[in-house]
Amino acid sequence: MRTRNYILGLMMIAVAGLHAQDIGVSNAVQKKFKLKKIGVTLGYDSDQIRGLGHEQLLSQAKGTLGFDASAMNFEERDLMSMVCENPNITGELAFATPIKNTELRVGLSAMFNRVESVFYRNSFTKPDGTVTDRYLGVHARQNEVALDVSLHKYIPVTRWFNIYGGVGTQLGKSFNNEMDISGFNLTPVMDENPSDEVVVDYSGGSLYESHEMYGGLHTRVYGEIGLGFTIARRLELMYSLSGGLGNRWVPGADLSKGTKTTSSNIGVRWVLR
């Protein structure tokens with residue numbers, strides 16, 4: 001009986017020791033990575049898919065398209081315009097680290113109504129010599145939420161002015177994506193004699209379609225430089241520029257060429273004491 005009580009007593013002491021050690025480790029981590037700033041950032045990105053074209057955008061559509069885009073035979077030289085716009089907002093926490101003048105930033109970004117669109121046009125001469133323009137426009141709207149983690153080194157120029165530089169990574173998920181398609185194409189009119197297979201004319205037809213798009217995973221790595229101006233030691237105003245590379249994984253879509261991101265951001269952070 002005494003032996004059992006002795007063993008139980010040792011076990012209780014060990015558990016208490018481990019608990020105290022866990023508390024000590026937790027406190028040490030909290031001291032080494034102390035929350036220093038809370039902020040929000042507004043940004044404007046260009047998150048461009050390398051080699052973006054109508055094939056890539058159309059391959060992300062759910063369901064079956066009502067036309068054959070490949071039969072329209074648009075080439076890269078027919079691309080008249082391309083848009084890649086990505087407004088975003090990020091809530092951010094900044095932690096002091098054991099490394100001098102270095103902070104770890106953890107944020108959650110939301111990107112609503114990201115626009116990716118392409119517009120193609122070329123001229124086609126009919127057998128009678130008249131010229132008609134054919135065109136195809138694909139306009140996609142996407143939404144994304146992403147987790148952002150970055151490590152920044154800062155140089156205190158004065159008590160109220162810092163220069164920042166750092167690297168980061170981002171993992172996002174897109175959802176509720178849609179695309180609108182519009183175009184005008186020419187369809188050959190064949191000779192009435194089926195054995196001749198001779199095109200005698202072309203008839204024009206417009207197309208308008210809307211489709212839901214598949215969601216996907218988005219990854220990015222980037223470098224960033226920025227400036228911080230502190231007012232009354234509590235309010236920091238920030239401006240930054242960043243650029244990086246990434247990729248997207250969307251079911252059924254050919255996106256293996258990756259993405260290139262450039263961004264400008266403004267933000268405000270509250271400095272904790």
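I count Ala, Val, Leu, Ile, Met, Phe, Trp, Tyr, Cys and Pro as nonpolar, Asp, Glu, Lys and Arg as charged, and the others, Gly among them, as polar.

**Basis.** I worked on a predicted model, where local features need pLDDT of at least 70 and side-chain atom pairs count only at pLDDT 80 or more, while totals for chains, interfaces and linings use all residues. Residues are numbered from 1 along each chain as its sequence is written, and side-chain values use heavy atoms, with hydrogens and water left out.

On a 1 Å grid over the protein atoms alone, I took a cavity as a set of points where a 1.4 Å probe fits but cannot get out, and a pocket as an open set with protein on both sides within 12 Å along at least five of seven lines; lining residues have an atom within 4 Å of a point. Grid points are joined across faces, edges and corners, and a volume is the space filled by probe spheres set on the points.

**Largest pocket.** I found a volume of about 410 Å³. Of its 22 lining residues, K37, Y154, R159, N162 and V271 are the closest to the centre. The lining comprises 9 nonpolar, 6 polar and 7 charged residues.

**Second largest pocket.** Here the volume is about 250 Å³. Of 14 lining residues, G51, L52, G53, E55 and Y120 are the closest to the centre. Helix 2 contributes the largest share, 3 residues; helices (H or I, at least four residues) and strands (E, at least two) are DSSP runs, numbered from the N terminus. By class I recorded 5 nonpolar, 4 polar and 5 charged residues.

**Cavity.** My search of the whole structure returned 1 cavity of 30 Å³ or more. The largest cavity holds about 410 Å³ of space. It is lined by 26 residues, of which D148, Y222, E224, S242 and N265 are the closest to its centre. Strand 9 supplies the largest share of this lining, 5 residues. The lining divides into 5 nonpolar, 15 polar and 6 charged residues.

**Nonpolar core.** I defined a core as a set of buried Ala, Val, Leu, Ile, Met, Phe, Trp, Tyr and Cys residues joined through side-chain atoms within 4.5 Å, buried meaning under 20% relative accessible area (1.4 Å probe, protein chains only). The largest one has 22 residues, of which L58, F67, L136, V138, M179 and I181 touch the most other members. Strand 4 gives the most to this core, with 3 residues.

**L136.** Leaving out residues up to four places away in sequence, I list H54, F67, M72, F74, V118, F119, Y120, I181, S182 and G183 as touched by L136, contact meaning heavy atoms within 4.5 Å.

Note on methods: Buried means under 20% relative accessible area, exposed over 50%, partly exposed in between (1.4 Å probe, protein chains only).
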